[in-house]
Amino acid sequence: MKKLIPLILFIVIAVFLYFSLNSNSSKLPSPLLGKMFPNIEAKDFYSNESVLLADLFSENMSLVNVWASWCVTCRQEHQMMMKIANNKDLQLIGINYKDTRTDGEKFLEMMGNPFDVIIFDPSGKIGLDLGVYATPETFLVNQQGVVLYKHIGAIDSEVWEEDFIPRIKKKVI
C-alpha cells in the first residue's frame, strides 16, 4: 500500500499538468464581457492629452487592440489589422502597452497605422485594469460601450471570420 501512494500521487500530478499545459489561453474568460468598457483616464499616444476611454465609443462598433512594438505576435497580426482598418463601419482603438513612444512610433511608421485612436500605456496600468493577460488582445465593443467579445492572441483571417464577423453582424453578446 505504501508503494501505491507515490504512484497515485504521480498520476494525479501528471493528469493535472497534462490538462494545464493543453489549455487554450485564448479561451480565458473576461470579467468585462457584457459590461461597460471601463471609463479609464488615459493619454493620447500622439498629443499626450487626457482622454476618457468610455468617451471614445461612437456610432460605430469598436475594436480595442492592445499591442506593443516588442510583441512578436503583434507584428504577425498587424497586416490583418491593416485589412480590418478598411472596414469603415468599425472604429479601431489601439492601446500601446508597456512600450516606449519612440518604439511605438517606429513600429507604426514601418508597418502602417490602422488605428483611428491610439492610447499610450507605458506602465501597463490600463492593461491591468482591462485584465490583459498578454499582447495582443482585442476587445469588440458596441456603440454603447459594452464589451461583446475578447480575443487573446493574434487575429488572422480565420479568427476574424469565425469569431468577430458573426458578432459584428448580430451586434449582440
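Predicted model: local features only at pLDDT ≥ 70, side-chain atom pairs only at ≥ 80, totals over all residues.
Me: How many salt bridges does the structure hold?
Reply: The structure holds two salt bridges, and in general side chains of opposite charge can pair when their charged atoms come close.

Me: ok, which side chain does Lys125 meet in a salt bridge?
Reply: Lys125 meets the side chain of Asp129, with a distance of 3.0 Å from N to O.

Me: and where are those two in the chain?
Reply: Both belong to helix α4, which covers residues 125-130, and because they are four residues apart there, about one helical turn separates them.

Me: is Lys125 buried or exposed?
Reply: Lys125 counts as exposed, since its relative accessibility is 52%, whereas Asp129 is partly exposed, with a relative accessible area of 35%.

Me: what about Glu137, which residue does it form a salt bridge with?
Reply: Glu137 forms a salt bridge with Lys150, and the closest N and O atoms of this pair are 3.0 Å apart. Glu137 lies in strand β6 (residues 137-141) while Lys150 lies in strand β7, so the pair ties together parts that are 13 residues apart in sequence.

Me: are Glu137 and Lys150 buried or exposed?
Reply: Glu137 is buried, and Lys150 is buried as well.

Me: switching topic, which residues gather in the patch of negative charge?
Reply: That patch lies on the surface, and Asp156, Glu158, Glu161 and Glu162 gather in it.

Me: where is Asp156 found?
Reply: Asp156 is found in the loop between β7 (147-152) and α5 (157-170), and it counts as partly exposed because its relative accessibility is 39%.

Terms used: Residues numbered from 1 in each chain as written. Heavy atoms only, no water. Patch = residues over 30% accessible without salt bridge, like charges linked within 9 Å, V, L, I, M, F, W, Y side chains within 5 Å. Areas by Shrake-Rupley, 256 points an atom, 1.4 Å probe, with all protein chains shown as cover. Salt bridge = Lys/Arg side-chain N within 4 Å of Asp/Glu carboxyl O. Lys, Arg positive; Asp, Glu negative; His and termini not counted. Charge placed at Lys NZ, Arg CZ, Asp CG, Glu CD. Buried < 20%, exposed > 50% of the residue type's maximum accessible area, 1.4 Å probe, protein only.
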